[in-house]
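Please prepare a briefing on the structure shown below, with the strand arrangement, the helix packing and a few individual residues set out by topic.

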Amino acid sequence: MPGLFDPLTVKGIELRNRIVFAPVVTNFGLRNEQTARYYAERARGGAGLIIVHGTPVDLFLHLSWVQKLKPLVEAVHREGSRIAIQLWHGNELKGEAVAPSVQGPCRGISREEIRTVVEKFATAAVHCRDAGFDGAEIHGAHGYFINQFFSPLTNQRHDDYGGSLEKRMRLALELVGAMRRAAGERFLLLYRHSAVDGELQGATVEESIQLGKALETHGLDILDVSAGRGQKDNLSIPESSAPEGTHADLAGRMKAGMSIPVIAVGRIQRRTVADGILREGKADLIALGRQLLADPFWPQKVREGKENEVVLCTYCNTCTEEMRSGRPIYCPQNPDLGKEAEA
Ligand SMILES: Cc1cc2nc3c(=O)[nH]c(=O)nc-3n(C[C@H](O)[C@H](O)[C@H](O)COP(=O)(O)O)c2cc1C
């Protein structure tokens, strides 16, 4: 079984270890020096892969906009980490509220419009690749637009995109296929999925496992297993009372049917927990979100046997509250968060 600091090569792209910085919205803005320094600090601290937070896919349609992310990409690469960015689609299309099918203020999206969504992700992947990113992650989790297609609670379509599991998976599979065809082989494609069971998304873990297998067949490189429906419940950002490694069993169940690497996330903080997840074969990569806000040097300290020097996240969720209120995230444990200095 791999160790936390063993490298992992995917599609010829080497990650120096098994530690991933999970996508975390900052409200710092994206194309500015401070954000580049913020991410570079997490790379300097030793993470093997950084996933930049969820960002609307529409922003990536203009190469000139994406090219301005190059300083951020280069700053992370200089510190030895790989970098991907999470592409997010919400319930808005050309200023109108849309969903898989009628839902609150949203009208059902048309097949023609679904095609334009797929094309957007493909174009975004090419532009991310050209700006130097090692990969892109589709945000297919947490109850957002793409996840809504998977869930029978939010997808009541009667065409090729709704009904049976095969049809509810179709959008996800088309996204991966189109991005792969457009961006080529040497670009990592990641997919974040909420593998939560039952009433929350009206689908079973067994159906999530089928999705994982199908994504792999369609060219996915890494599956990122989360849970929950975003702001509508407390699973996607686990509460402080949640057990450490809270979603790791879901990752393990999905991984059992797949051969591509799987990421586990959720309240992972102690080395013994991270090692245990890898050792038990529940995941190939371990993602830390809030802990790397509190202390970006967690990987380095743990590697050097100085875990007792780690500034621990208390999971107070101040960052979450700030993020949801639209303010820049703030961490009571780390006064330097968002004020990282030049190396
Ligand atoms: C402030 C904040 C912002 C987040 N933003 C995103 C995001 O953009 N995309 C996403 O998929 N998950 C997001 N998450 C969820 C994290 O990626 C992660 O899955 C979750 O926090 C559990 O990991 P942790 O316990 O190590 O923090 C966010 C979490 C927090 C606390």
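In what order do the eight strands close into a barrel, and is the pairing parallel or antiparallel? The order is 3-4-5-9-10-11-12-13, and the pairing is parallel, where two strands count as paired if DSSP finds at least two bridges between them. Neighbouring strands of this sheet are turned against each other by 25 degrees on average, direction ignored. The model is a predicted one, in which local features need pLDDT of at least 70 and side-chain atom pairs count only at pLDDT 80 or more, while totals for chains, interfaces and linings use all residues. Residues are numbered from 1 along each chain as its sequence is written, and side-chain values use heavy atoms, with hydrogens and water left out.

**Strands and helices**

- Helices (H or I, at least four residues) and strands (E, at least two) are DSSP runs, numbered from the N terminus.
- Strand 11 (residues 222-226) pairs in the parallel sense with strand 12 (residues 262-265) over three bridges, and V262 in strand 12 is the bridge partner of L223.
- Helix 3 (residues 70-78) lies across strand 4 (49-56) and strand 5 (82-88), running at about 140 degrees to strand 5; axes are lines fitted to C-alpha atoms, for helices over the stretch in contact, and angles run from 0 to 180 degrees between N-to-C directions.
- Helix 7 (residues 170-183) lies across strand 5, strand 9 (135-140) and strand 10 (188-194), and runs at about 165 degrees to strand 10.

**Buried helix residues**

- L175, placed in helix 7, is buried with a relative accessible area of 0%, where buried means under 20%, exposed over 50% and partly exposed in between (1.4 Å probe, protein chains only).
- Not counting residues up to four places away in sequence, L175 touches V117, V118, F121, I138 and I146, contact meaning heavy atoms within 4.5 Å.
- The C-alpha atoms of L175 and T26, which are 149 residues apart along the chain, are separated by 26 Å.
- T35, in helix 1 (residues 33-44), is buried with a relative accessible area of 1%, and touches F28, G29, L30 and L72, again not counting residues up to four places away in sequence.

**Positive phi in loops**

- Most residues other than glycine have a negative phi.
- N27, in the loop between strand 3 (19-21) and helix 1, has a positive phi near 60 degrees and is partly exposed, with a relative accessible area of 30%.
- R267, in the loop between strand 12 and helix 10 (271-279), has a positive phi near 55 degrees, and is buried with a relative accessible area of 12%.
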